[in-house]
Amino acid sequence: MTETASHPPGRAILGGSFNPPHVGHMRLAIEVREALGGLVQGVDMVPCAVPPHKAQQGMLPFELRARMVEACAANLPWLRCNRVEALRQGPSFTWDTLCAYREAEPGTDFYFILGSPDFATLSTWHRGVELPRLCNFVVVPRRGHTAENFIAAAKTLWPQAHPRPSVLPSCACVALPGGGLAHFLSLPWLAVSASRVRQLWLAGRNVDFLVPDAALRILRENSQTVRQHWLKESLAC
């Protein structure tokens with residue numbers, strides 16, 4: 001997965017439940033696209049069909065979540081929704097999703113986007129420490145995490161990991177066993193959460209400017225279904 005100026009552009013992947021998609025997701029996609037520049041041709045948002053690490057109570061139907069992501073991406077030609085995780089049964093493991101990407105787009109470099117807390121827990125994921133065989137990582141700081149925290153987490157996960165110069169300006173980079181690279185991008189992370197949006201919605205409060213208008217229209221058009229599903233989460237707590 002060596003990155004050079006002449007290498008064909010790859011694709012960044014942003015997975016999530018998107019229950020619902022919110023402005024934090026959209027700004028993250030935009031910031032990563034701009035930061036990676038010519039390394040990628042665009043960003044895929046990949047709605048999770050069966051999240052392996054989250055309870056199913058309160059999860060909107062996949063079709064509804066995917067429609068909202070598609071609506072949010074409609075005016076950004078480099079951004080697309082990929083429904084790949086709905087094409088198979090069982091938990092939506094990242095390993096399986098990236099294998100499907102590699103099969104569909106051989107020779108393409110993939111950049112998997114995740115927050116620094118999730119990066120540090122990859123050993124708990126299904127074949128998480130093997131993922132550098134399939135992708136590079138784009139790690140975005142949260143909770144005050146620094147580049148030093150990032151490098152320490154990488155060495156804990158992969159003792160053979162070692163820092164290397166990055167092709168990206170002002171970016172820490174670590175080479176990982178398996179061939180992938182991990183880039184630490186010091187990008188702003190909007191403190192918006194889908195759980196907060198759900199709480200406000202159920203309380204009848206205004207979620208304008210937290211959810212993109214395109215997704216908000218779909219939520220309102222399906223308000224009865226949305227309320228029924230999101231109430232399940234609040235009742236389970």
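**Working through the model**

Modeller: His53 is exposed, at 56% relative accessible area; exposed means over 50%, buried under 20%, and partly exposed in between, with a 1.4 Å probe and protein chains only. This is a predicted model, in which local features need pLDDT of at least 70 and side-chain atom pairs count only at pLDDT 80 or more, while totals for chains, interfaces and linings use all residues. Residues are numbered from 1 along each chain as its sequence is written, and side-chain values use heavy atoms, with hydrogens and water left out.

Biologist: Where is His53 found?

Modeller: The loop between strand 2 (40-47) and helix 2 (62-73) holds His53; helices (H or I, at least four residues) and strands (E, at least two) are DSSP runs, numbered from the N terminus.

Biologist: And what does His53 touch?

Modeller: Thr124 and Trp125, not counting residues up to four places away in sequence; contact means heavy atoms within 4.5 Å.

Biologist: Changing topic, how many disulfides does a search of the whole structure find?

Modeller: The search finds 0 disulfides, a disulfide being a pair of cysteine sulfur atoms within 2.5 Å. Cys135 is in none, and the nearest cysteine sulfur, that of Cys99, is 10 Å away.

Biologist: Is Cys135 buried or exposed?

Modeller: Cys135 is buried, with a relative accessible area of 0%.
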